[in-house]
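Have the chain open and follow along.

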Amino acid sequence: MDTLKDYVQKNKERFLNELIDLLKIPSVSADSAYSQDVIDTANAVKASLEKAGCDFVEICDTPGYPIVYGEKIIDKNLPTVLVYGHYDVQPPDPLDLWTSPPFEPVIKKTDLHPEGAIFARGACDDKGQMYMHVKALEYMVQTNNLPCNVKFMIEGEEEVGSASLSWFVERNQEKLKNDVILISDTGMISNTQPSITTGLRGLSYVEVEVTGPNRDLHSGLYGGAVANPINILAKMIASLHDENNHITIPGFYDKVEELSDAERAEMAKAPFSLEAYKKALDLNDIYGEKGYTTNERNSIRPTLDVNGIWGGYTGEGAKTVIASKAFAKISMRLVPNQDWHEITELFTKHFESIAPSGVTVKVKPHHGGQGYVTPIDSIGYQAAAKAYNESFGVQPIPVRSGGSIPIVALFEKELKSKTILMGFGLDSDAIHSPNEHFGVFNYLKGIETIPLFYKYFVELSKK
């Protein structure tokens with residue numbers, strides 16, 4: 001451990017500078033204007049894997065953005081760890097809310113990060129966390145401490161649904177054969193209390209369109225006489241929750257997994273301050289489904305949220321129109337046993353049924369994925385727990401995350417492997433938001449902890 005810590009501290013500035021260079025490339029997969037930047041990032045990841053010690057690295061073409069595959073095979077009789085990550089990032093909008101440009105990384109000290117945090121789009125999600133694995137490999141190769149085989153699969157479409165990853169995995173099962181999959185695209189409770197994510201919510205993401213008259217109308221001449229698509233859309237969205245914030249779509253809860261009182265009590269042991277939670281978000285009070293705690297609402301319960309809504313005139317000044325169309329983007333976070341295809345169908349049927357006759361409605365599914373729960377008695381989980389315990393000096397707590405990584409369920413189905421989610425981010429890192437950041441402590445601590453996972457996974461696999 002001393003050698004590992006010494007190596008990380010000795011190379012600290014280089015590790016930070018390499019990540020900063022990667023963060024400067026605006027690899028926004030959702031916007032075609034950045035397509036060349038996404039490709040450039042794939043090439044940069046390839047180069048970093050080669051320098052870290054992979055014996056074979058290639059850029060794999062897909063129907064979409066390429067996947068970077070790399071491997072270091074030292075003995076085919078030893079276990080193989082498959083590392084998954086993504087090099088694409090969310091759009092940086094709204095730009096005016098950033099305190100520094102999103103693709104000009106800077107290190108700033110904060111209350112939670114006295115050693116500094118890297119502020120940039122992708123710092124935590126997922127370039128910083130992905131790059132920890134690259135540097136962990138470098139350490140293990142340079143110090144002759146790599147105890148098993150390792151493969152890397154780094155994609156460029158995670159933020160837009162990972163469609164090409166499914167295509168790639170289905171066609172490369174032998175290439176990707178492994179004993180455990182390791183992902184760092186999640187978080188932990190705090191820098192003093194590590195945790196391991198054992199559950200992820202699924203996702204159904206749709207876009208809705210409400211159409212009224214065949215053109216924008218003068219609100220004085222036509223107001224009150226025709227259906228206003230924006231008004232109608234607002235009413236339809238409002239009706240999707242009842243007074244207890246329970247989702248009203250028929251059949252939505254039919255397959256929801258209900259945790260026992262004992263399981264909920266175990267979850268409640270995780271340290272959590274409601275006052276600190278409200279303060280961090282500048283909220284007077286919390287809000288959510290009746291009968292559940294805050295941590296239950298954002299992890300073990302399904303949700304429905306509007307992610308964007310627009311229509312009519314939104315420019316400066318006034319323009320008195322009744323819009324011809326109104327739109328919204330809606331995401332539903334799902335829990336285990338809820339099938340995202342089925343939920344999308346239930347939503348579509350219900351949303352179309354509640355539209356008044358004065359408008360027409362279209363529902364366009366975007367992407368989705370299944371929820372996932374990993375057992376805490378697996379060798380992979382036990383190895384991760386021992387790694388965190390040695391690195392932090394504290395036993396990690398198993399937690400369920402409110403986020404979604406749709407490909408985790410795909411991996412188990414296609415590759416027959418369990419996934420271990422070793423995240424090092426914090427809830428306050430503002431992923432997907434302006435001023436996303438990743439603590440210098442967290443970044444370096446990840447590089448320190450990951451090699452310990454390899455060590456313990458191999459040791460436990462021998463028993």
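What follows covers the aromatic pairs, the charges over rings and the cysteines.

A word on ground rules: this is a predicted model, so local features need pLDDT of at least 70, side-chain atom pairs count only at pLDDT 80 or more, and totals for chains, interfaces and linings use all residues. Residues are numbered from 1 along each chain as its sequence is written, and side-chain values use heavy atoms, with hydrogens and water left out.

**Aromatic rings**

Rings of Phe, Tyr and Trp (its six-membered ring) pair if their centres lie within 6.5 Å; planes under 30 degrees apart count as stacked, over 60 as edge-to-face and the rest as tilted. That rule gives 14 aromatic pairs. Take Phe347 and Phe351: their ring centres are 5.2 Å apart and their planes sit at 15°, so this pair is stacked. You'll find both in helix 11 (residues 340-353), four residues apart, or about one turn of the helix; helices here are DSSP runs of H or I, at least four residues, numbered from the N terminus. Phe347 and Phe351 are both buried, where buried means under 20% relative accessible area, exposed over 50%, and partly exposed in between (1.4 Å probe, protein chains only).

Now for an edge-to-face pair: Phe392 and Phe441 are 6.3 Å centre to centre, with 75° between the planes. This pair links distant parts of the chain, as Phe392 is in helix 12 (residues 379-392) and Phe441 in helix 14 (residues 440-461), 49 residues apart. Phe392 counts as buried because its relative accessibility is 14%, while Phe441, at 24%, counts as partly exposed. Ring pairs also tie Phe392 and Phe441 into a cluster with Tyr388 and Phe424.

**Charges over rings**

A charge sits over a ring if NZ of Lys or CZ of Arg is within 6 Å of the ring centre and within 35 degrees of the ring normal.

| Lysine | Ring | Distance to ring centre |
|---|---|---|
| Lys386 | Tyr456 | 4.9 Å |
| Lys445 | Phe392 | 5.4 Å |

**Cysteines**

A disulfide is a covalent bond between the sulfur atoms of two cysteines.

Note on methods
Helices (H or I, at least four residues) and strands (E, at least two) are DSSP runs, numbered from the N terminus.
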